[in-house]
Amino acid sequence: MPPVATPTRAKAATRKRAAPGERPAARPAAKASLTLSSKNYSSWSLRGWLLCRFAGLEFDEVMVSPDDADARKELLLLAPSIRVPCLTHEAAKVWNTLAIAQYLNEIQPDAGLMPDERVSRAHCRSVSGEMNSGFANLRASLPMNLKGHYPGFKIWAGAQPDIDRIVEIWTECLAAYGGPFLFGKQRGMADAMYAPVVTRFLTYGVKLNKPCVEYCHTIMAMPEMNEWVAAARREPEEIEELDMDF
């Protein structure tokens with residue numbers, strides 16, 4: 001993996017001890033950086049970026065060109081592990097999107113990335129973990145491509161069970177927690193994990209039930225998604241292996 005640029009920090013000024021009854025001066029927010037690959041093709045980059053935005057973490061983007069050999073292997077599912085995005089914050093360097101989510105939940109506990117209630121939180125971890133480690137056939141046959149639009153796309157039979165399972169997860173979560181997000185009114189970890197799937201379903205015209213269609217609209221209406229998609233459309237790079245020709 002290419003080296004991750006760590007943001008430089010200005011030397012901290014000498015801080016005076018607060019007088020009795022005086023509130024201590026607030027510490028400046030620690031800078032962070034997030035290494036990303038293509039915004040058009042990289043579903044993992046989108047997940048990490050959304051998690052950081054949902055958590056309210058200020059960070060610099062460090063972009064790795066899709067021409068980079070390691071980044072290209074990850075995008076084409078040829079790498080043994082996924083190491084982009086990578087979050088650098090204070091002394092921590094965190095890769096793997098699920099690990100980033102857990103780290104952000106630790107440092108920003110009031111951001112609402114995970115439900116407050118124990119059982120719901122366990123459910124959130126489970127469906128997020130399932131997305132993190134599963135659905136290989138979906139990834140291979142319906143690659144993320146925000147510039148692409150393929151209505152009437154014939155879905156490979158091996159991918160259909162993955163689609164059916166995702167629809168089951170979404171339908172159950174929306175019914176159990178009342179929507180509009182997977183775990184209720186607060187967008188969170190699970191929504192960041194499944195947002196790239198929403199884009200895949202729209203790119204390839206996957207037919208969904210009404211609750212899932214409404215969930216897709218909810219995700220795509222988020223200002224963060226609008227910002228990401230606009231940036232993806234401005235990317236000049238194209239990867240022929242991920243651009244399907246019909």
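**Helix packing and ring pairs in a predicted model**

Helices H3 and H4 are roughly antiparallel to each other. The model behind this is predicted.

Q: Why are H3 and H4 called roughly antiparallel?
A: Helix H3 (residues 97-107) and helix H4 (residues 118-133) pack at an angle of about 150 degrees. Angles over 145 degrees count as roughly antiparallel. H3 and H4 therefore get that name. Their axes lie 9 Å apart.

Q: Which residues make the contact between H3 and H4?
A: H3 supplies Thr 97, Leu 98 and Gln 102. H4 supplies Arg 125, Ser 128, Gly 129 and Asn 132. By class, that is 1 nonpolar, 5 polar and 1 charged residues.

Q: What makes Trp 49 and Trp 228 an aromatic pair, and why is the pair called tilted?
A: Their ring centres are 5.1 Å apart. The limit for a pair is 6.5 Å, so the two rings qualify. Stacked needs under 30 degrees and edge-to-face over 60, so the rest, tilted, applies here. The structure holds 7 aromatic pairs.

Q: What does the pair of Trp 49 and Trp 228 tie together?
A: Trp 49 lies in helix H1 (residues 43-55), and Trp 228 lies in helix H9 (residues 223-234). The pair therefore ties together parts that are 179 residues apart in sequence.

Q: Are Trp 49 and Trp 228 buried or exposed?
A: Trp 49 is buried, and Trp 228 is buried too.

Q: Which residues form one aromatic cluster?
A: Trp 170, Tyr 194, Phe 201 and Tyr 215 form it.

Key. Residues numbered from 1 in each chain as written. Predicted model: local features only at pLDDT ≥ 70, side-chain atom pairs only at ≥ 80, totals over all residues. Heavy atoms only, no water. Phe/Tyr/Trp six-rings, centres within 6.5 Å; stacked < 30°, edge-to-face > 60°. Helix = DSSP H or I, 4+ residues; strand = E, 2+ residues; numbered from the N terminus. Buried < 20%, exposed > 50% of the residue type's maximum accessible area, 1.4 Å probe, protein only. Axes fitted to C-alpha atoms, helices over the stretch in contact; angles between N-to-C directions. Parallel < 35°, antiparallel > 145°, perpendicular 65-115°, else oblique. Contact = heavy atoms within 4.5 Å. Nonpolar A, V, L, I, M, F, W, Y, C, P; charged D, E, K, R; others polar.
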